[in-house]
Amino acid sequence: MTGYIDIKRLTLDELVGVVNLYPWFGGARKELCARMAAMGGDALSEEQFAAAAMYLPFRRMLADIRRRSESTALTDADVGEVIKSYVAERKETSTAPKRKVYAGVGDYFSQED
């Protein structure tokens, strides 16, 4: 087939040019968002994702791209701080004065029942 452009083979600058020239072209916008998200960091803001979502029939594709791009720190760097705060919180609740709780119910059955 001749006369078509494979948007997956375009450079980032060419892809931006296609999106600027044809703002309604949702496939190019999706590809641009995917590439920008793959770059990481703040390459594509939440507003830019929202603007691109207006041109796509299924916004779930962009939501999935956005979720994949958000990096979560999975290191054990802050575990010590979390444990210390949890232990301190438990100590605060255990030193609170204990109060007696009376239930407002009675035994309505006799021993024969």
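Let's start inside helix α2, which is where Arg29 sits. Keep in mind that this is a predicted model.

Is Arg29 buried or exposed? Its relative accessibility is 15%, and buried means under 20%, so Arg29 counts as buried. What does Arg29 touch, then, once neighbours within four places in sequence are set aside? The list is Val19, Pro23, Ala52 and Tyr55. Take Val19: it is 10 residues away from Arg29 along the chain, and the two C-alpha atoms are 6.3 Å apart.

Now for another residue, Cys33. Leaving out residues up to four places away in sequence, Cys33 touches Leu44, Phe49, Ala52, Leu62 and Ile65. Ala52 turned up among the contacts of Arg29 too.

Cys33 also takes us to the largest nonpolar core, which has 17 residues. Leu15, Cys33, Phe49 and Leu62 are the members that touch the most others there. At least two residues of this core come from each of α1 (12-21), α2 (26-39), α3 (46-53) and α4 (60-69). Helix α2 gives the largest share, five residues. As a rule, nonpolar side chains in soluble globular proteins tend to be buried together.

Helix α4 is worth a look of its own. Its buried residues are Leu62, Ile65 and Arg66. Seen down the axis of α4, they fall within an arc of 100 degrees, so they line one face of the helix. They pack against α2 and α3. Over on the other side of α4, Arg60, Arg67 and Arg68 are exposed.

Stepping back, the protein has five helices and zero strands. Buried residues are 19% of its 113 residues. Of the contacts with a separation of 6 or more, 38% are between residues 24 or more positions apart. The protein exposes about 9,900 Å², with 56% of that supplied by carbon and sulfur atoms.

How confident is the prediction? The mean pLDDT is 78, and 74% of the residues reach 70 or more. Confidence is highest in α1, at 90, and lowest in helix α5 (residues 79-94), at a mean of 76. Where pLDDT is low, predicted coordinates should not be read in detail.

How values were computed: Residues are numbered from 1 along each chain as its sequence is written. This is a predicted model: local features need pLDDT of at least 70, side-chain atom pairs count only at pLDDT 80 or more; totals for chains, interfaces and linings use all residues. Side-chain values use heavy atoms; hydrogens and water are left out. A nonpolar core is a set of buried Ala, Val, Leu, Ile, Met, Phe, Trp, Tyr and Cys residues joined through side-chain atoms within 4.5 Å. Buried means under 20% relative accessible area, exposed over 50%, partly exposed in between (1.4 Å probe, protein chains only). Helices (H or I, at least four residues) and strands (E, at least two) are DSSP runs, numbered from the N terminus. Contact means heavy atoms within 4.5 Å. The arc is that of the directions from the helix axis to the C-beta atoms. Accessible areas come from the Shrake-Rupley method with a 1.4 Å probe; for residues, only the protein chains shown count as cover. pLDDT is the predictor's confidence in each residue, from 0 to 100.
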